[in-house]
Amino acid sequence: MGTALVYHEDMTATRLLWDDPECEIERPERLTAALDRLRKCGLEQRCLRLSAREASEEELGLVHSPEYVSLVRETQVLGKEELQALSGQFDAIYFHPSTFHCARLAVGAALQLLDAVLTGEVQNGLALVRPPGHHSQRAAASGFCVFNNVAIAAAHAKQKHGLHRILIVDWDVHHGQGTQYLFEDDPSVLYFSWHRYEHGRFWPFLRESDADAVGRGQGLGFTVNLPWNQVGMGNADYVAAFLHLLLPLAFEFDPELVLVSAGFDSAIGDPEGQMQATPECFAHLTQLLQVLAGGRVCAVLEGGYHLESLAESVCMTVQTLLGDPAPPLSGPMVPCQSALESIQSVCAAQAPHWKSLQLQDVTPVQTSPSTHSSEGRPPPLLPGGPVCKTAASALSSLLDQPCLHPAPPVCPAVALTAPDITLVLPPDVTQQEGSALNEETEAWAKPHESLAQDEALTALGKLLYLLDGMLDGQVSSGIVATPPSAAAATLDVAIQRGLSHGAQRLLCVALGQLDRPPDLVHDGRILWLNIRGKEAAALSMFQVSTPLPVLTGGFLSCILGLVLPLAYGFQPELVLVALGPAHGLQGPHAALLTSMLRGPAGGRVLALLEEDSTPQLAGILARVLHGEAPPSLGPYSVASPEDTQALRYLRGQLEPQWKMLQCRPHLEA
């Protein structure tokens with residue numbers, strides 16, 4: 001269905017007309033740098049380009065008072081001194097004669113994107129806009145924001161399109177207090193914001209930005225604030241927040257639409273955020289959100305003030321919206337103590353309102369004095385200063401890495417042995433005809449008696465050919481069908497072939513009656529995870545077995561609380577998903593598991609299926625490997641006590657080695 005990019009060059013018209021160090025970072029180059037980078041990477045050309053329209057005053061009135069809209073309208077005829085005087089009445093804001101026009105275009109861009117997604121014209125998209133919106137309140141501008149673009153889009157989705165469940169994810173580094181105020185008593189909007197807080201010492205200095213601000217009235221539990229109390233949060237902290245907090249709530253909420261307040265001042269190098277998340281982290285966050293709401297994701301630009309970091313992060317987001325695999329994450333995947341304290345505090349505050357969080361140990365944690373920031377607002381990163389130079393150097397090094405520069409998309413392949421099977425595949429997915437040489441195939445099959453039959457040999461030859469194509473970068477991912485009797489032996493060959501081809505870290509997720517290969521290496525190159533084991537057991541940090549959860553909540557807890565943290569901690573170069581005999585998964589469950597495992601391995605996922613289930617299952621897996629959203633799992637149901645106990649046991653056993661499994665801090669740390 002495609003990805004929309006909404007923009008209008010008139011939104012570069014506003015700029016600061018007087019000296020104000022606080023406001024000068026919100027400048028037109030923020031848009032032009034992002035758009036130039038999208039063009040150089042060939043990403044704009046792959047999107048459906050939409051020119052933004054002005055929102056009507058009636059549309060602005062969905063969240064703003066008539067008096068406030070009138071006040072902003074009147075700025076069109078004010079002189080410089082009058083504009084400066086009016087700006088001084090608000091917090092961190094400047095007005096320009098073009099502000100009303102630009103702000104209406106920003107809202108209109110968000111509405112155009114929303115309408116295109118909800119009418120099925122596109123699957124998702126990004127609105128490149130300024131001024132940003134999430135600080136703007138019903139009758140007040142704030143923090144560079146004039147009209148609340150995302151809030152108006154949510155109200156429009158409810159009024160015009162009749163939606164009842166909208167998720168707003170605000171990953172800007174500042175708290176979007178305007179959005180919170182507008183929806184804090186509304187259970188139809190789940191608002192999630194992480195933000196630099198430092199125990200109330202960072203702008204906007206609000207008590208209601210803390211974890212215990214959870215909404216009011218009917219909206220209790222539908223405001224989720226994750227306050228970062230230290231700077232320097234990185235990839236592991238952001239991913240942990242999604243896996244252990246946001247996604248459990250989101251799956252339980254079951255949104256019909258995801259709106260992203262996409263502020264990239266939470267990325268490395270930004271003078272406002274002082275965080276360490278690299279641009280590719282936003283590709284992973286986007287990909288994790290795409291499994292929700294049938295993939296209907298609308299991202300709207302908020303902050304972001306380091307031009308190179310902003311531009312690269314925008315590219316990563318758009319590339320992922322287009323369906324391309326997210327590049328592998330850099331750095332150790334170990335959440336910091338302060339991040340875990342914050343996540344745990346939010347879980348404790350939200351647990352009374354969400355069944356998915358009641359599975360966890362959510363006793364509130366008292367933060368230690370050592371994690372508190374110094375008194376007063378931290379000094380800004382001044383251009384040329386030592387901290388700024390360090391961040392700029394780190395960012396420059398990251399941007400030079402080839403993995404951060406989008407390459408032409410490489411698509412999945414499906415290999416089937418039965419020639420009479422016809423699959424309905426996405427246009428770019430190929431049905432592979434090639435096979436490895438007979439001599440090579442027979443050599444790999446020789447140790448396995450179950451591979452002696454012609455049908456099994458044929459499937460093995462196709463697997464070897466496809467696997468080599470994936471490891472050589474000719475194919476992004478793949479699906480291979482194999483006879484049920486040869487499933488275990490074929491998986492063993494796939495593991496050994498992957499290692500012999502140079503893979504240093506291989507994750508194998510085996511479901512059903514698939515025994516662990518007897519000659520599995522114990523050197524840390526293979527992480528073996530068996531779902532459908534007889535009992536929960538961690539034979540070692542690299543060999544884990546767990547029963548298959550029977551209810552939706554248990555399955556989601558297993559994926560979000562065990563499989564993905566292990567996968568992100570291991571950082572595999574290749575993922576094998578083997579659905580063996582009696583694997584027990586329905587199509588939507590298999591699709592969700594496969595889709596979410598694309599992230600940790602940069603998209604390199606090879607799915608092995610039984611031929612008996614090939615046509616329907618292969619088709620659905622091909623679509624999610626191509627970047628499409630998996631089908632809904634249906635109504636949320638709470639995990640059984642047995643599944644909860646198994647998950648807690650395994651996490652307790654594995655947390656010392658796999659830090660991404662932590663969702664609460666260790667008090668002795």
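Predicted model: local features only at pLDDT ≥ 70, side-chain atom pairs only at ≥ 80, totals over all residues.
**Entry 1: the parallel sheet**

**Entry 2: the annotated span**

I checked the UniProt record, an unreviewed entry, which places the feature "domain: Histone deacetylase" at residues 25-320. In the model the end C-alpha atoms of residues 25-320 lie 27 Å apart, and the span is 39% helix and 13% strand.

Is Thr14 buried or exposed? I located Thr14 in the loop between E1 and helix H1 (29-40), and since its relative accessibility is 5%, Thr14 counts as buried, the cut-off being under 20%. Setting aside neighbours within four places in sequence, I listed the contacts of Thr14 as Pro28, Tyr94, His96, Ser98, Thr99, Cys102 and Arg130.

I turned then to helix H3 (residues 66-73), in which Tyr68, Val69, Ser70 and Val72 are buried. The cover over the buried residues of H3 includes helix H2 (57-60) and H5.

**Entry 3: H8 against H11**

Two packed helices are described by the angle between their axes and the distance between the axes. For H8 and helix H11 (residues 337-350) I read an angle of about 20° and axes 10 Å apart. Because angles under 35 degrees count as roughly parallel, H8 and H11 are therefore roughly parallel to each other. Their crossing is right-handed. At the contact, Asp237, Ala240, Ala241, His244 and Leu245 in H8 meet Ala339, Ile343, Val346 and Cys347 in H11.

**Entry 4: Pro325**

Which residues does Pro325 touch, not counting residues up to four places away in sequence? I placed Pro325 in the loop between helix H10 (307-321) and H11, and at 23% relative accessibility Pro325 counts as partly exposed. Under that exclusion, Pro325 touches Gln287, Arg598, Gly602 and Gly603. I also noted that Pro325 and Leu625, 300 residues apart in sequence, are 8.7 Å apart in space, C-alpha to C-alpha.

**Entry 5: the mixed sheet**

I then followed another open sheet, of nine strands in the order E10-E9-E11-E17-E16-E12-E13-E15-E14, whose pairing is mixed. The edge strands here are strand E10 (430-432) and E14, each pairing on one side only. The twist averages 15° from one strand to the next.

Strand E12 (residues 506-511) and strand E16 (residues 574-579) run parallel and are joined by six bridges, and in E16 the bridge partner of Cys508 is Leu576. Helix H16 (residues 552-570) packs on the sheet and touches E12, E13 and E15, its direction making about 170° with that of E13. Helix H17 (residues 587-596) lies across E12, E16 and strand E17 (605-610), running at about 170° to E16.

**Entry 6: strand E15 and its partners**

How does strand E15 sit between its neighbours? Strand E13 (residues 526-531) pairs with E15 in the parallel sense over four bridges, whereas strand E14 (residues 537-540) pairs with E15 in the antiparallel sense over three bridges. Val544 in E15 is the bridge partner of Leu529, and Ala538 also stands opposite Val544. A hairpin through two residues joins E14 to E15.

In a regular strand the side chains alternate between the two faces of the sheet. In strand E15 (residues 543-546) I found Gln543 and Ser545 pointing one way and Val544 and Thr546 the other way, and all of them are buried.

How values were computed. Residues numbered from 1 in each chain as written. Heavy atoms only, no water. UniProt positions renumbered as here; feature names shortened; annotations may be inferred. Buried < 20%, exposed > 50% of the residue type's maximum accessible area, 1.4 Å probe, protein only. Contact = heavy atoms within 4.5 Å. Axes fitted to C-alpha atoms, helices over the stretch in contact; angles between N-to-C directions. Parallel < 35°, antiparallel > 145°, perpendicular 65-115°, else oblique. Left-handed = near helix turned anticlockwise from the far one by under 90°. Pairing = 2+ DSSP bridges.
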